[in-house]
Amino acid sequence: ASLPFEINDIRLEGLQRVEPGIVFRNFPVAAGDELRRNQLSDAVRELFRSGYFADIQAERDGDVLVLKLKERPSVALINIEGNDVIKEEDLLNGLKQSGLQEGDVFRRAALDQISLDLLRVYTSQGRYGANISTDVEPLSGNRVQLNINIQEGQVATIQHINIVGNTVFDDAELKDLFSLKLPNFWSFYTKSDRYAREKLTGDLERLRSWYLDRGYINFNIDSAQVSITPDKQQVYITIGITEGEQYRVRDVSVAGDMVLPADVLQQEVNVAEGEVFSRKTMTANQERLVRLLGDEGYMFANVSPVPEQHDDNTVSVKYFIEPGKRTYVRRINIKGNTRTGDEVIRRELEQMEAGIASSQDIERSKVRLDKTGYFKSVNVETRPVPGTDDQIDLEYSVEEQQSGQFTASVGFSQNDGLILDLGVQQDNFLGSGKKVGFNISNSSTRTEYSFNYLDPYYTVDGVSRGFNVYYRERDYEEDDISSYTADEAGGGVTFGYPIDDYQRLSFSGDVEFIQLNTYDSTAAEVTEFIKEEGDSFLNWKLTAGWSDNRLNRGFFPTRGYAQGASIEMAVPGSDLSYIRAQYNNKWYQPLNDDETWVFSLRGRAGYGDSLGDNNYPFFKHFYAGGLKTVRGFANNSLGPLDSGDPREPGDEGDPFGGNLMLTGSAELIFPVPFFEDKSAWRSLVFLDAGNVYSTDCYSSQANCSADVDLSELRYSVGMGISWLTPIGPLSMSLGMPLNDKENDDTEVFQFALGQTF
Amino acid sequence: CSGLGGDKEVVAPDVPEQQLYDDALSALQADNYSLAIEKLQLLEARYPFGRYSEQAQLELIYAYFRNYEPESARAAADRFIRLHPNHDNVDYAYYLKGLTAFEEDRSFFEKYLPIDVSQRDPGAALDSFESFSTLLNRYPQSEYAPDAQKRMQYLKNRLATHEIHVAAYYMKREAWVAAANRGRYVVENLQETPAVPDALAIMAEAYTELGMHDLANNAREVLTLNYPDYRVRPFKKERATLTQAATFGLLGGEEPAEPARPIPLADRQRAEARERAAADEQQEERSLFSRMTFGVFDDEEQDEDSTR
Amino acid sequence: CSEFPGVYKIDIPQGNVVTQEMVDQLRPGMTPAQVRYVMGTPLVNDSFSANRWDYIYSIKEGGKPRSQERISLFFEGGKLSRLSGDFRPGTTPDTP
Amino acid sequence: CGMFSSEQTRQPAELVSFEQEQTLQKLWSLSLGGDLGEKHHQLVASISNDRIFAASAEGTVVAADLATGEALWRRDIEEEIIGGVGAGNGLVVFSTLSGEVVALSADDGSERWRHQASSEVVSQPQMNADLLVVQQLDGKLTALEQDSGKLRWSYDSQIPRLSLRGTAAPVVAADITLAGFANGKLIALENRRGRPVWEQRITLAEGRSELERIIDIDARPLVYNRLVYVAGYQGRLAAVNPANGQLVWAQDLSSYRGLAGGFGNVYAVSADDSLLAYDARTSASVWRQDGLTYRRLTTPAVLGNSLAVADGEGYLHLLSQIDGHFTGRYKLASAGVQSDLLVKDDVLYALSDDGRLTALKLQ
């Protein structure tokens, strides 16, 4: 087209499915424009970039600009055959990501790219024999159908791993380090006999670390040759190494800009004279130094250990320290808390805004958030503040979970009228960080109105204050204990505060009013107690508690221990004066690096005794048996029995509890199979032991001996599982009693809502 | 498996484009959003460049939004913006993106449980704010600009209140510099929000605690100058009621309006009149539960001990 | 209510650590970038007084009263002009 | 369906019946006291002044009289043997799993010396008058003094990490050594200090995936009519002038077996086990025999005026060198034969996988 010429119309030719409006919108020249040289080529290039057309020609017909357009075909159908290892929708997803899905413009480059990616996926799975053929079948209406034919081929297995040049350690010992193994019984599951390059690189790295951690500082892998048989079914791995000499450490020193006193840094890296050099210790020392500097605000500190070899097979290690600038936290953002309030999280953080950044405080804040039990997961990220070299922002992202439990049931019966049983116990009530619980039930068997409230942060330092009040009519027969009922009312105030990062003290004052009532079937012991002490009591109680919690998480801890003790005393002036002390301890020891296998020990002990001339009140007895104490035995069923219903001499009696309790259990926690989201599950096998004793028996009690006979301890073994359901934790256990006696009340399957192992 | 000749995927009989589009519109009218989504997706697959393809993509965003599928709505909007950057209705895509984040922020809880959203994760609010501000500075005269403007003000207030909550905590914690900086963030970035006077008061008190009286006087001057009737109450420990005053003023204020439907397709000559679907602006009434129980169940107890 | 005995209080460090030898390196006429290199980025910079940088270090250790050290730097015409606060201006001669 | 179809193409060809023109007669047979192992190692027998030597994977080495097949001495070195044996100049040399090259005296089998190599040696050690050269899996060529086993030189050719199992064996002439490597190159090194004299690229790697780029030369070059012939996997069969490394001719052929020369032809086995004959001078294709595809054929050997090759099911096949038609077949053993066939004075020596050495003669 000779230029410049004035266009008074534009004609489009070759349009099949693309709508003219789209063409004009992407063609910056309109009728009536004065057209100049480069303007036309730019316009055509702009239209081409819209991607709808394979070819565009501009011609002039008088004063009309003619655009000859050849539309690009669009993909109508994608047909994939021969894939069984990789599922269809994964393939379609892969296609979609690289712009090839039904309705898109067809691009040959994308198709070639896909078959190359697919081949790479297959070779990474060890299927070296795979090959992929693609063809494009034109359809009506300028559309195409893509046929992708896949031959996945056999998986090549490793037939031969050989290490040449090892003298100090034999082949078997070294090959043990490898993730790649010759075909063995477990290969169908572990697939460790399939070659993958990343696995080999990892194995070589482990081999190098094995030698470097044992003093062979000059160890070198000369060659790692992978060879495959012509039929591509078998893989051979040959590794040539030179071990070199074993080196010992001559001396260790710290150098560079030491912002901390030299001796503080030095004792972090001290090593016994003449000890074999080990890269693992060197890296561990380096990390400790970096953490030490991080705690002092040098978040971007850099420590580089330099081993210097001497010809007498010794090496001196020098740690060069570059502290970088002291770093400050500008802002702390909290993400993911759709229910929990910002302050409820921020108050747990030991790292302050506008303060020196300390990696210790940042990490410990994460642990404290974990310990609240409000969150399924907590992680923290540090982001440098743009434009500064010494400021960072912190971002704590939490994933909330339902902690506590919620049970509700409403019923109606002629004689009782509306029966309501509503129980709410929330640790993080409406995200306010306050522990609120109330219980309203007015059925014939159970009447209870109770409310408890605790604000863990009454003061900003974590002094907690709470109160509870209750009225309860309890029929002990319901809990399989001796038959009597007690109407109890009372309330109290409790305070608690931290005395260091892990330990807390707590004090509470309560008043309780108890009214016992008996039936003809009430056992002799109860009537005897009432004869001596009367049937209603008003007690003033003081309780002092101590807890020391060093677990790494509130829910499903995997490391650390937690212990606690409490002493409850009815002060003089109460109708009954007694003392009731308890101690419990939990200890977790991870067995592997990612802490999915954990061994844990738990123990509880309780002792009660009377302080005055009155007998120790039987309704303050300890009970054992059930999900919380000794699994496999019915709830509260262990220990001495009462003499049963006086009207039937043969009756064997109901559990009566005792004033001394000893229970404990050893558990092995293992990763729950089959589930993707393992964080919501905990499965374990356990060995429980425990029993309850009475140090002063009632004369009428048959099987109660005053001495504490440890052989009476009951044992059970079994499996338990806990699940964090959306409405709160649920626990189940299958327990097999080992040494149950004839009148023990065993219960193999037990479950409870609102409580985890 | 496919070796046995394979059954060709049965291609649906080609429903004409026009009918597909009309079915989709009628489904939208009848608020049957999932059916509308199905129709619109089919339309886009079968007629990727047909007359209605761009309009269908717009309607699809709206349908996802009303069908409470924020992720798909945002993805559809992004796809539209990527495919048709200079389309004259692209402002609607930004508007919808802003709306989905906006709705996500006022999560389920705020409507039914007395939880003060401004103390929760501001992430969604920030996204919404960003989408609306892109809309405003790229398409100032868009139909949706006024509504976006109003919502941005609401979001700004919410973000400012969030800053004040954090500042109040740091005052309680006696981390004076942290509190002052939070206050300064509001003064510098979130002007014209009811939280500015509180921010200035916090800055003044914090600097006084630090003994930096000249900085404290600066802040106090600006406070009395611009907000003469603001009663200065100490933020330190004994302070109890600040947070409620700050939140209630905001919450009771202007409620966000119903989101508008996409306007129908402008034809080639833009001058043709576009009738706009009357956005039904009925006021979204406050949830019964939150209004009735507001006093009792609100988690900020009135009594002296709690300083939320 | 009154304080419980022995309540564990975490330390509250606030602001930039300032030492005398940092202040000694300051010279009148320095550009803001040079000051920032020596003293670090000031955590307190007030929105109403742009040409004044305050470096304050306050530390409240658990249970002990809060202590702080402060120095304010003033700029005129984009150059450091004077400083005031708890540190003596640099006395040591210009080190090359 | 997917799996089935790929298997189908690899089925070994059925044996076709034909009219036998030649028959083989077994002279003697001898067991080595151990099989050759399932691993894909290339154990071969070797003849040196009227004695034949062979070794089993389990470590037994046997020397036998060439004429009678009677064992002269046996040694069990209690180590797995993965390469060799190469015999000559009074030595019998092989290599062990731990990468050691071991030389025994040809007379009584007593150990002469050992040399620790840096990687596995899986092909046959080669010798000239004074030098012993072994080719290692990591791409190194190592020359040792025959009398002491001391290292004279070592040449490292950079080979890719992924290669075909097994290596070629070098040709050690008086003053130069020719070796084909896994990088598809044929290199000539002078024997005194192991420095390269010339280098000829036989195959160029193309293809995108690591597998398509395998171009190993995995067999001993053939010296025939004053030219050197060498074949590469997924590559070419080439004729090279040994004096200057000039490429005389090259034909596309994928082969990892050795070559044989006779009647002016060069005989090769392709990767899918079809037999091809090329004119040694002009590379014109003389004949092609596809009757034995996928039967895992060994390197062919010229026997009188026919061509002998053994397969993975223990059959010995005789073909006419003129047109490649089958002239004879002999069931040697129930186990397969992977080791190269040896011919001396019109007697064929075959080492079958079950560790049995058999001598046969054309009738």
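How many helices and strands does the secondary structure of chain C come to? For chain C the tally is 2 helices and 4 strands, where helices (H or I, at least four residues) and strands (E, at least two) are DSSP runs numbered from the N terminus. This is a predicted model, in which local features need pLDDT of at least 70 and side-chain atom pairs count only at pLDDT 80 or more, while totals for chains, interfaces and linings use all residues. Residues are numbered from 1 along each chain as its sequence is written, chains are lettered from A and ligands numbered from 1 in the order in which they are written, and side-chain values use heavy atoms, with hydrogens and water left out.

Staying with chain C, the elements run β-α-α-β-β-β along the sequence. The chain has 96 residues, and 45% of them are buried; buried means under 20% relative accessible area, exposed over 50%, and partly exposed in between (1.4 Å probe, protein chains only). Taking contacts (heavy atoms within 4.5 Å) between residues at least 6 apart in sequence, 49% in chain C join residues at least 24 apart. As for pLDDT, the predictor's confidence in each residue from 0 to 100, chain C has a mean of 81, with 89% of its residues at 70 or more.

Chain B is built from helices: 14 of them, and 0 strands. Of its 308 residues, 52% count as buried. Among contacts in chain B between residues at least 6 apart in sequence, 67% join residues at least 24 apart. The pLDDT of chain B averages 71, and 68% of the residues score at least 70. Residues 1-11 of chain B are below 50, with 8 contacts in the model beyond near neighbours in sequence. Residues 238-308 of chain B are also below 50, but that stretch has 123 contacts counted beyond near neighbours in sequence.

Next comes the interface of chain B and chain A. It draws 42 residues from chain B and 49 residues from chain A. About 4,100 Å² is buried between the two chains, with carbon and sulfur atoms giving 52% of that area; buried area here is the accessible area (1.4 Å probe) that two parts lose on being put together, summed over both. The rule finds 4 salt bridges across this interface, each being a side-chain nitrogen of Lys or Arg within 4 Å of a carboxyl oxygen of Asp or Glu. A salt bridge also joins the side chains of E343(A) and K172(B), at 2.5 Å from N to O. On the side of chain B that touches chain A, helix 8 and helix 9 (176-189) of chain B each supply at least two residues. Helix 8 of chain B gives the largest share, 6 residues.

Helix 8 (residues 145-172) of chain B also holds K156(B). This lysine counts as buried because its relative accessibility is 13%. Its side chain makes a polar contact of 3.1 Å with the side chain of E192(B). Beyond neighbours within four places in sequence, K156(B) is in contact with F129(B), L190(B), Q191(B), E192(B) and T193(B).

In chain A, K199(A) lies in helix 7 (residues 197-212). With 29% relative accessibility, K199(A) counts as partly exposed. K199(A) and F178(A) are 21 residues apart in sequence, and their C-alpha atoms are 8.6 Å apart in space. Leaving aside neighbours within four places in sequence, the contacts of K199(A) are S179(A), L180(A), K191(A), S192(A) and R194(A).

Chain D contributes Q146(D), in the loop between strand 12 (140-145) and strand 13 (151-156) of chain D. Q146(D) is buried, its relative accessible area being 7%. The side chains of Q146(D) and N89(D) are joined by a polar contact of 2.8 Å. Not counting residues up to four places away in sequence, Q146(D) touches several residues, among them N89(D), L91(D), W113(D) and M127(D).

Methods: Polar contact = N/O pair within 3.5 Å; in protein donor to acceptor, adjacent residues only side chain to side chain.
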